[in-house]
Amino acid sequence: MTAVVGIVPEPVVDTGTDRVVVLEVQAEHTTVVELHGDIDGETFEPLHDGVVAGIEENEDVIVDFSDAALIDCASLKVLVRAARLADRRGHKIRLVAPPPTIRRILAAAGLDARFPVVGRSGAPTSVGIQH
């Protein structure tokens, strides 16, 4: 569970896979989408459904990458499209704890400035590659 929110809510969207878990945090008006393992062709649709459901509920969305290993292009496209929808509705999508591999993928795709990243503590961090 995401330490940023500090409580353990029940899943609110059945994504059909345990690699994408969607949680709603009432007090924060936030949907948390936890990602586990490889986020790829088998999971981009549940990722889309979870992120869009949060935005449509007039909530900000936190995508928790702390247990994710990698993300493919189709899943990145889902995040970009969802971010556009969130912008139009006045909401934000933030990423939590993406591992170095995913940070490099975001930077290589030119998306490092597009998505705010927060660490487990909630403090903003840089998505860019460490040199």
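**Exercise 1. Which residues of H1 and H2 meet in this predicted model, and how do they divide by class?**

Solution. 
Step 1. On the H1 side, the residues in contact with H2 are Phe44, Leu47, His48, Val51, Val52, Ile55 and Glu56. Their counterparts in H2 are Ala74, Ser75, Val78, Leu79, Ala82, Leu85, Ala86 and Arg89.
Step 2. Sorted by class, the residues of this contact are eleven nonpolar, two polar and two charged.

**Exercise 2. Are the axes of H1 and H2 roughly parallel or roughly antiparallel?**

Solution. 
Step 1. Two packed helices are described by the angle between their axes and the distance between the axes.
Step 2. For H1 (residues 44-56) and H2, the axes come within 9 Å and cross at roughly 10 degrees.
Step 3. Angles under 35 degrees count as roughly parallel. H1 and H2 are therefore roughly parallel to each other.

**Exercise 3. Which helix lies between the strands of each β-α-β crossover, and what is the handedness?**

Solution. 
Step 1. Between E3 and E4 the chain passes through H1, and the crossover is right-handed.
Step 2. From E4 the chain goes through H2 (residues 73-89) to E5, again in a right-handed crossover.
Step 3. H3 (residues 100-108) sits in the unit made with E5 and E6, which is right-handed.

**Exercise 4. Where is the pLDDT below 50, and how many contacts do those stretches have beyond near neighbours in sequence?**

Solution. 
Step 1. For the protein chain, the mean pLDDT is 79, and 75% of the residues reach 70 or more.
Step 2. Residues 1-9 have pLDDT below 50, with 23 contacts in the model beyond near neighbours in sequence.
Step 3. Residues 125-131 are also below 50, with 13 such contacts.
Step 4. Where pLDDT is low, the predicted coordinates should not be read in detail.

Notes
Residues numbered from 1 in each chain as written. Predicted model: local features only at pLDDT ≥ 70, side-chain atom pairs only at ≥ 80, totals over all residues. Heavy atoms only, no water. Right-handed = clockwise from strand over helix to strand, strands pointing away. Helix = DSSP H or I, 4+ residues; strand = E, 2+ residues; numbered from the N terminus. Axes fitted to C-alpha atoms, helices over the stretch in contact; angles between N-to-C directions. Parallel < 35°, antiparallel > 145°, perpendicular 65-115°, else oblique. Contact = heavy atoms within 4.5 Å. Nonpolar A, V, L, I, M, F, W, Y, C, P; charged D, E, K, R; others polar. pLDDT = per-residue confidence, 0-100.
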